[in-house]
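Please look over the sequence and the model shown here. The briefing below is meant to be read alongside them.

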Amino acid sequence: MNTRKITGYQSLAYVSLIITMFSCKENPETFAIHAPIYPGNAEAVTYTLNKITGDVSQVQLHETIQTINASGTVTATSAEALLQTWNNPSFPLNFTKTGGYATNRLVTYRFDVTGNDKHYTHTISFATRPYPVPNQPAPVYVVGDVNRVMNLVFIPDRDIPAISTFYNAVKVDIDEVFHREDYVRRFRRSYNFFINPFTGHAHDYDTETRDHEVPSNWDQLSFAQGKVILHDRDIRDFAEPDKHLFSAEHYVKGTLLHESGHNFYDLADEYGGGSHWQEATLPNNWSSLAGCRADAAGRGMQMSDAHQMGTSGWYKLCPATCVMESSGTAIHPYEKPCRDRILYSILQRSAGN
Amino acid sequence: MKYAYSIILLSLILLCSCNGNKAQQKNDPALDSTLAKIDSQVGTFNPAYINDAANSHYAISVNFANNQFTMVPGNAAIRPGRAPYLMNDTSKPFVVKFRDANNKIIGSYSFVNPGLLRACDGKNPNISIKDSIKFEILLPANKEITNLELSNNGKRLTQFTVPPAGANAVDSTGGGVKVQ
């Protein structure tokens, strides 16, 4: 038997290597999307799983197909089928369902993700086009009970040159806004997205009457915390908070994130001259400097972070990089005080409050 | 000895690269635990939510003109899903309280001024307030609700007797064309 004497230095070296290798393992974080987001009859659908970080050892993709009628009732459900397994995968993962699905279907796909002794799933449902339930928005990326998650309805403006442009913009907004923001994307089971079958029309804040033209099935949309008219014209967008309605160019992403802050989490503006109030629980605006400073430590900030927004008489803790200070093309992150409020709002919603 | 130093050096390199990755999105056990709780509570999407009477709401249309609020008759139709507000949060300036026949408060919610318009777009943000508007009060489809009270910045504005949920047909005000 070949024996070697191991010195003290060598022991230390081996132990440090082993500790390092184990401590380096990270929990996986991934997000899932399908394209096209609202497929027509027999249109091929590609499922994609992207990795944000962490160690993934296995992924499985399953599907279930339901048939729904005009009342929204499920009349048939297929057995769940395993579509593909990936072991020690390289990302992104793609699987294309050639031949797609028939109309009047609600398809549910599930990515099972395993890594670093963790296991979780992405379970997402989408309808095929056209959605058979009259006057209702079509669920195109839904993950939970409409009464327990945040709901956003995308409304096509009548100025959109081709409806395929709109459908693609919806997919991009889900994938490159909600899945790219560092905090929001962690709530993979907290947002339902819908496409409205009827058009609206966004007005320009500066040159037209300050009221957006809502679609004919407006009454069917009032359950949603957010409704956005995606338009083609380059106009000055605005929001009508009492309707939970706002507008955005279909190619602009930052507006969507900022307005979601208002609509989903009751976050106030963080620029002087915006819309300000102080929430009773986990606010991002304070009506006094003293109050703002007093809350700083409990919100992971320093007292010196408290500052006035312009000359508004309102105060905040977030730095200028927070999305509630900005809007438009760039996607800024939500900062810590806003994150607190996001978590609270989603938790409240999931509890049915 | 050189071998030992090499291994220690390799460990340090691995540790540095590992921490670099973690900076992208740190593991947060407390958040993970809360996320698991949220995931356990959100249920699943049911396309028949439109038929769920227990989780529905209705709308009362209100006009504001000449500094007065008046209720628009003829709109208490049941709508699918719950009202979109966080209930019993009266933090924002405009507060809606709804009461039963004994004047007991059943619930409340709040939002910013109903005439407010917010242009957060670009480098020149602006807000304005319309002085003449029609807006909707969304209420849980609870037949015990008989009146509602509106207040702004703590000042009571008005109180209405409201029709019971489902009393009238829909007052659709929208337009648009079907795209599919």
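The notes that follow cover a strand, a residue, a helix and a chain.

This is a predicted model, in which local features need pLDDT of at least 70, side-chain atom pairs count only at pLDDT 80 or more, and totals for chains, interfaces and linings use all residues. Residues are numbered from 1 along each chain as its sequence is written, while chains are lettered from A and ligands numbered from 1 in the order in which they are written. Helices (H or I, at least four residues) and strands (E, at least two) are DSSP runs numbered from the N terminus. A residue is buried if 20 or more other C-beta atoms lie within 10 Å of its own, exposed if 12 or fewer, and partly exposed in between, with C-beta atoms placed from the backbone.

**Strand 12 of chain A**

- Strand 12 of chain A, residues 226-231, is mostly covered, with six of its six residues buried.
- G226(A), V228(A) and L230(A) point one way from this strand, and K227(A), I229(A) and H231(A) point the other way.
- Strand 12 pairs in the parallel sense with strand 10 (residues 150-156) of chain A over five bridges; pairing requires at least two DSSP bridges between two strands.
- In strand 12, L230(A) has P156(A) opposite.
- Strand 14 (residues 245-249) of chain A also pairs with strand 12 in the parallel sense, over five bridges.
- Here S247(A) of strand 14 stands opposite I229(A).

**F154(A)**

- F154(A) belongs to strand 10 of chain A.
- F154(A) counts as buried because it has 27 C-beta neighbours inside 10 Å.
- Leaving out residues up to four places away in sequence, F154(A) touches V170(A), F193(A), F194(A), I195(A), N196(A), V228(A) and L230(A); contact is defined by C-beta atoms, placed from the backbone, within 7 Å.
- F154(A) and E80(A) are 74 residues apart along the chain, and their C-alpha atoms are separated by 29 Å.

**Helix 5 of chain A**

- Helix 5 of chain A (residues 336-350) has 15 residues and should span 21 Å at 1.5 Å a residue, which agrees with its end C-alpha atoms being 21 Å apart; the expected span is 1.5 Å times one less than the number of residues.
- Its buried residues include P337(A), I342(A), I346(A) and R349(A).
- The buried residues of helix 5 pack against strand 10 and helix 3 (254-265) of chain A, together with helix 2 (29-41) of chain B.
- G352(A) follows helix 5 and has a positive phi, near 85°.

**Chain B**

- Chain B has two helices and ten strands.
- Of the 180 residues in chain B, 29% are buried.
- Among contacts in chain B between residues at least 6 apart in sequence, 51% join residues at least 24 apart.

Notes: Two residues are in contact if their C-beta atoms, placed from the backbone, lie within 7 Å.
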